[in-house]
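Biologist: Can you walk me through this chain? Keep it simple, please.

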Amino acid sequence: LSAVKADVSRVSNPNLLDNPNFAIWQRYPNGEFTGVPNGTYIADRFTITNSNGGIENKIVRVDGGGIKNLSGPPCVIFQRIENAAQYNGMTLTRSFLYELNGNQRLESYTSIAVDWTDTTDVLRDVHRQTWIAEGETLLAAKLELGSQQTLAHQDTAGNWVLNDPPPDKTLEL
């Protein structure tokens, strides 16, 4: 009963990103992209580029949520949001849940939005981009107001668990 109570009382901020677990792929409905990804839309609302503009990557959707760089150089994913300027001066937290060879890690960083426009990569921080290494899976991403990450928490066994269930795909479309 206490475990259920803890989950019910867990507070989570709204995610400002669309398609945060990369489940919707209208452009590549089979959830697979192979090619030179620089500037290519992959999972809906996300664009990808790689660290070497001339080399192909194979990017795939993972069942249950996530995007995997199956082969090729490290990739950067990004998303632009409408009316991003409304967040200028606000503290925002970006969080990413990764998996590589069965090991999960959560990365989170906080900064203040400065000079954001509709062309701003809202996942990029002054010091960091959202890289996905070869063989690595990005399970989920979150951009939220405030200085606390609420994307995921660790359960008693040390496993990362998403705080919010993946959204209804039909609502995102």
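Modeller: We will go from the overall layout to some details.

Biologist: What kind of model is this?

Modeller: The model is predicted. The mean pLDDT of the chain is 86. Of its residues, 88% reach 70 or more.

Biologist: Where is the pLDDT below 50?

Modeller: Over residues 1–9. Beyond near neighbours in sequence, that stretch has 1 contact in the model. Where pLDDT is low, the predicted coordinates should not be read in detail.

Biologist: Fine. How many helices and strands are there in the chain?

Modeller: The chain has 2 helices and 12 strands. From the N terminus, the order is α-β-β-β-β-β-β-β-β-β-β-β-β-α.

Biologist: And how much of the chain is buried?

Modeller: Buried residues make up 40% of the 173 residues. Now take contacts with a separation of 6 or more: 63% of them join residues 24 or more positions apart.

Biologist: Which residues have the most contacts inside the largest nonpolar core?

Modeller: They are Phe22, Ile42, Ile59, Ile67, Ile77, Trp116 and Leu138. The core has 27 residues. Strands S6, S7 and S10 each supply at least two of its residues.

Biologist: Let's switch to sheets. What is the strand order in the open sheet of 4 strands?

Modeller: The order is S2-S3-S6-S9, with antiparallel pairing.

Biologist: Which strands stand at the edges?

Modeller: S2 (40–41) and S9 (131–132) do. Each has a single partner strand, so one side of each is left without a neighbour in the sheet.

Biologist: How many bridges link S6 and S9?

Modeller: S6 and S9 pair over 2 bridges, in the antiparallel sense. Cys75 has Ile132 in S9 as its bridge partner.

Biologist: What about S1? Which way do its side chains point?

Modeller: They alternate along residues 32–35. Phe33 and Gly35 point to one face and are buried.

Biologist: New topic: rings. How many aromatic pairs are there?

Modeller: A search of the whole structure finds 4. Take Phe96 and Tyr98: their ring centres are 6.4 Å apart and their planes are at 40°, so the pair is tilted.

Biologist: Are those two buried or exposed?

Modeller: Phe96 has 0% relative accessibility, so it counts as buried. Tyr98 also counts as buried, at 0%.

Biologist: What else is around Tyr98?

Modeller: Phe96, Tyr98 and Tyr109 form one aromatic cluster. The charged end of Arg105 sits over the ring of Tyr98, 4.2 Å from its centre.

Biologist: Last one. Is Val114 buried or exposed?

Modeller: Val114 is exposed, because its relative accessible area is 54% and the cut-off for exposed is over 50%. Val114 lies in the loop between S8 (103–112) and S9.

Biologist: How far is Val114 from Tyr87?

Modeller: Their C-alpha atoms are separated by 8.3 Å. Along the chain, Val114 and Tyr87 are 27 residues apart.

Terms used
Residues numbered from 1 in each chain as written. Predicted model: local features only at pLDDT ≥ 70, side-chain atom pairs only at ≥ 80, totals over all residues. Heavy atoms only, no water. Core = buried A, V, L, I, M, F, W, Y, C linked by side-chain atoms within 4.5 Å. Buried < 20%, exposed > 50% of the residue type's maximum accessible area, 1.4 Å probe, protein only. Pairing = 2+ DSSP bridges. pLDDT = per-residue confidence, 0-100. Contact = heavy atoms within 4.5 Å. Phe/Tyr/Trp six-rings, centres within 6.5 Å; stacked < 30°, edge-to-face > 60°. Lys NZ or Arg CZ within 6 Å of the ring centre and 35° of its normal.
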